[in-house]
Amino acid sequence: MSNDLSFKDKHVLFVVTHHVRPAVVLSVNNLLEIVKANPETILVIIDSASKDGIRDYIKSIRQERVIIEYKDYNIGKPHGVNQFIAKNITGSNLPRTLWSLDPDVLFDPPSFDYLLEAVLNLEQI
């Protein structure tokens, strides 16, 4: 749960949380299972001044390849993800893919694997 992870050639999933705890818990638990099953995957959770107990839930997460950043204000998804990338990712540690997900997205494991395979097999421009 630290920023000491190498992003190089990994699949980095971003989720920014703010409100609607039941949806966030369901979505993040789903993403944690995907990260656990895919060793080349990292989950970045950006807590955007969450309300209704979300921050307490996020603080309870103890899993490898999970990075959590806490913001004291509602940073919003685009700004939060872009700020994290600017601060932590450089030309020497570029991930293979970046995924910016809403905090209510659910994947069943085969769907995530199929989507990842499709992304990896896109024709290069």
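This is a predicted model: local features need pLDDT of at least 70, side-chain atom pairs count only at pLDDT 80 or more; totals for chains, interfaces and linings use all residues.
When neighbours within four places in sequence are left aside, the contacts of S27 are with D102, P103, D104, V105 and L106. Not counting residues up to four places away in sequence, T41 touches H11, L13, V35 and R65.

Helix α3 comprises 12 residues, 77-88, and spans 16 Å from its first C-alpha to its last, which is close to the 16 Å expected at 1.5 Å a residue. The buried residues of this helix are G80, V81, F84 and N88. Because they cover an arc of only 95° around the axis, these residues are placed on the same side of α3. An α-helix has 3.6 residues a turn, so residues three or four places apart point the same way.

Most residues other than glycine have a negative phi. V20, although it is not a glycine, has a positive phi of about 70°, and this residue lies in the loop between β1 and α1. With a relative accessibility of 43%, V20 counts as partly exposed, since the partly exposed class lies between the buried limit of under 20% and the exposed limit of over 50%. A49, likewise not a glycine, has a positive phi of about 55° and is found in the loop between β2 and α2 (54-59). The relative accessible area of A49 is 13%, and A49 is therefore buried.

Rolling a probe the size of a water molecule over the atoms shows where empty space is left. In this model, the largest pocket holds about 170 Å³ of space. The lining of this pocket is made up of 13 residues, among which V16, T17, H18, H19 and P103 lie nearest the centre of the pocket. At least two lining residues come from β1 (11-17), and at least two come from α1 (21-37). By residue class, the lining of the largest pocket divides into five nonpolar, six polar and two charged residues.

Notes. Residues are numbered from 1 along each chain as its sequence is written. Side-chain values use heavy atoms; hydrogens and water are left out. On a 1 Å grid over the protein atoms alone, a cavity is a set of points where a 1.4 Å probe fits but cannot get out, and a pocket is an open set with protein on both sides within 12 Å along at least five of seven lines; lining residues have an atom within 4 Å of a point. Grid points are joined across faces, edges and corners, and a volume is the space filled by probe spheres set on the points. Helices (H or I, at least four residues) and strands (E, at least two) are DSSP runs, numbered from the N terminus. Ala, Val, Leu, Ile, Met, Phe, Trp, Tyr, Cys and Pro count as nonpolar, Asp, Glu, Lys and Arg as charged, and the others, Gly among them, as polar. Contact means heavy atoms within 4.5 Å. The expected span of a helix is 1.5 Å times one less than its number of residues. Buried means under 20% relative accessible area, exposed over 50%, partly exposed in between (1.4 Å probe, protein chains only). The arc is that of the directions from the helix axis to the C-beta atoms.
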